[in-house]
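Trainee: I would like to learn how to read a protein chain from its fold. Could we go through one together?

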Amino acid sequence: MPTARRLAHEFLDRRGLTTVFGNPGSNELPFLAGLPEHFRYVLGLHEGAVVGMADGYAQVTGRPVLVNLHAAAGSGNAMGALTNAVYSRSPLVLTAGQQVRTAIGLEAMLANVDATQLMRPLVAWSGEPSCAEDVPRSLAQAVFEAELHRRPTYLSVPYDDWAAELPASPTLDRQVHKGLEPGEAQLEALVASVAAAKNPALVLGGDIDATGLFDRAVALAEHLGLPTWVAPSPHRLPFPNRHPLFRGVLPAGIAPVSAALTGHDLVLVLGAPVFRYHQHVPGAYLPEGTRLIQVTDDFGAAARAPMGDALVADPAPVIKALLTKIPARGAASEHVGIPAAKTGGKALHPEQVFAALRDTQSADTRYVVESTSTNSAWWRQMDLRREGSYFFPAAGGLGFGLPAAVGVAMGSPDRPVVGVIGDGSANYGITALWTAAHYRVPVTFVILRNGVYGALQWFGELLGTPDVPGTEIPGMDFTAIAAGYGVEATAVRDEDDLRAQLKATPDGPRLIQVDTEPTTPE
């Protein structure tokens with residue numbers, strides 16, 4: 001009879017989960033033994049980097065990806081990165097080794113005493129097989145739950161289970177399909193509301209880009225002439241940021257959002273929570289006389305919203321209905337021009353760096369960004385017109401940028417990838433450089449070195465606490481660090497040198513360190 005391990009490998013193969021991101025420990029070795037030759041095991045040197053890479057890979061492929069972690073300690077190391085994957089709705093299937101069954105109750109070394117509770121409430125589902133015979137079914141549930149919820153799941157497996165001989169499992173042939181087509185009456189009511197609005201506005205979330213609706217959302221905005229915002233705290237860009245209908249990213253405070261939407265009698269929100277606030281700026285959720293309708297396939301986002309009506313459905317058929325049932329109102333026009341980049345004094349202004357990226361990189365470049373303090377400069381200078389061009393840590397958890405850039409590049413070899421990372425953020429995921437070097441991943445890392453936690457200093461001013469310690473981080477040389485991991489690296493200090501470096505085409509990973517002036521997110 002086949003072993004539980006063989007059945008698991010066969011199930012993963014049938015579901016296309018043949019790329020495994022991991023950092024193994026002793027408990028995981030029995031699962032990894034005999035891994036089929038066509039599987040690809042991507043080694044990361046820290047579990048946080050492992051999950052960050054898998055997050056980027058899952059986002060760019062749109063498919064579930066398997067992550068192999070080590071027991072309780074390794075799973076704990078991964079939890080910071082897991083928060084980003086939860087809010088980017090990445091379908092990661094996290095598996096972790098567990099001690100042999102007879103040793104769990106004894107709390108032997110490397111036993112995960114209450115494994116199913118460890119990752120809650122972050123994951124959509126968490127489980128541990130009740131017995132060895134339940135391993136194939138439990139693994140299938142972890143995969144199906146991740147697909148259905150578009151959210152990470154977690155499965156702990158005692159390592160003695162993998163060698164158990166089991167009868168052939170019907171689980172191997174199972175299919176689980178998801179359908180959230182809105183009813184005709186629901187569509188008609190929504191179409192009528194939009195058609196009757198005197199001054200409607202559109203707000204798009206990261207799910208629009210993640211589910212391949214970028215171009216359709218642009219067509220909708222143009223068809224109806226809708227002024228279009230991106231929902232606060234975006235982890236993806238669902239609309240071209242220099243489009244004439246683009247009004248910017250909504251601020252991440254209650255009162256500022258309300259102010260931005262003033263004058264609109266209807267706000268249609270597609271593929272976004274309502275809303276992901278950050279700064280605590282209380283006020284009215286919506287302007288007086290404004291109605292909000294949210295369309296999302298995220299049950300939790302619909303349920304927890306404090307205002308408006310929600311339709312839990314796939315946004316795709318809603319967009320189709322609005323395009324076909326309402327006559328065109330908009331007119332095409334040219335993209336908005338780009339202002340001259342601000343210049344720095346002792347170092348480059350971030351706008352100079354972003355202008356250089358815009359001018360030297362191809363239009364289909366994917367950017368993985370983790371430099372919060374330069375957000376304002378980023379949106380002033382960049383011109384992003386294609387789907388899948390922008391990735392940002394969805395929960396604000398540091399350590400996303402470097403690993404996610406590696407994962408995005410591995411999952412999307414047909415498009416160039418650039419990671420734009422602040423010097424503070426880079427240290428949280430620095431071990432991803434080794435993985436990039438080891439697998440010769442063609443990714444460019446641009447490290448913005450200003451020697452401070454810029455976003456933290458900005459928050460200090462916002463909160464009236466400007467004199468706190470721990471916001472300065474001078475003295476780091478990322479070129480030396482990169483060289484130690486095997487990544488080609490160089491430091492630039494003027495714009496001409498930066499542009500010359502960016503024009504070069506690497507055949508593997510490279511790192512460019514740029515000294516920049518500190519800026520604030522706004």
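Mentor: What follows is a set of questions and answers on this predicted model.

Trainee: How many helices and strands are in the chain, and what is its radius of gyration?

Mentor: The chain holds 21 helices and 18 strands. For 522 residues the globule rule gives 24 Å, and the chain comes close to that, so it is as compact as a globular protein of that length. The radius of gyration is 24 Å.

Trainee: What share of the residues is buried?

Mentor: A residue counts as buried when its relative accessible area is under 20%. The chain exposes about 20,600 Å², and carbon and sulfur atoms supply 52% of that area. Of the 522 residues, the buried share is 57%.

Trainee: Among contacts between residues at least 6 apart in sequence, what share joins residues at least 24 apart?

Mentor: The C-alpha trace spans about 65 × 60 × 45 Å along its principal axes. Within the chain, the share of those contacts that join residues at least 24 apart is 75%.

Trainee: What covers the buried residues of helix H1?

Mentor: In H1 (residues 4-14), the buried residues are Ala4, Leu7, Ala8, His9, Phe11 and Leu12. Just after H1 comes Gly16, with a positive phi of about 80 degrees. The cover over the buried residues of H1 includes helix H2 (29-32), S3 and H7.

Trainee: Is strand S13 enclosed or open, and which of its residues point each way?

Mentor: In S13, 5 of the 5 residues are buried, so the strand is largely enclosed by the rest of the structure. In a regular strand the side chains alternate between the two faces of the sheet. Here one way point Arg366, Val368 and Glu370, and the other way point Tyr367 and Val369.

Trainee: Which residue in S14 is the bridge partner of Tyr367?

Mentor: S13 (residues 366-370) is joined to S15 (residues 417-422) by 5 bridges, and the two run parallel. Val368 stands opposite Gly419 in S15, and Val369 has Val420 as its bridge partner there. With S14, S13 pairs in the parallel sense over 2 bridges. The partner of Tyr367 in S14 is Tyr390.

Trainee: Is Leu433 buried or exposed, and which residues does it touch?

Mentor: Leu433 lies in helix H18 (residues 432-438). Its relative accessible area is 0%, so Leu433 is buried. Not counting residues up to four places away in sequence, Leu433 touches Leu402, Phe445, Ala482, Tyr485, Val487 and Leu511.

Trainee: At what angle do the axes of helices H14 and H21 cross?

Mentor: Two packed helices are described by the angle between their axes and the distance between the axes. H14 (residues 350-360) passes H21 (residues 495-503) in a right-handed crossing. Residues in this contact include Val353 and Leu357 of H14 and Leu498 and Leu502 of H21. The axes come within 10 Å and cross at roughly 35 degrees.

Notes:
Residues numbered from 1 in each chain as written. Predicted model: local features only at pLDDT ≥ 70, side-chain atom pairs only at ≥ 80, totals over all residues. Heavy atoms only, no water. Buried < 20%, exposed > 50% of the residue type's maximum accessible area, 1.4 Å probe, protein only. Helix = DSSP H or I, 4+ residues; strand = E, 2+ residues; numbered from the N terminus. Contact = heavy atoms within 4.5 Å. Rg over C-alpha atoms; globule rule 2.2 N^0.38 Å. Areas by Shrake-Rupley, 256 points an atom, 1.4 Å probe, with all protein chains shown as cover. Axes fitted to C-alpha atoms, helices over the stretch in contact; angles between N-to-C directions. Left-handed = near helix turned anticlockwise from the far one by under 90°. Pairing = 2+ DSSP bridges.
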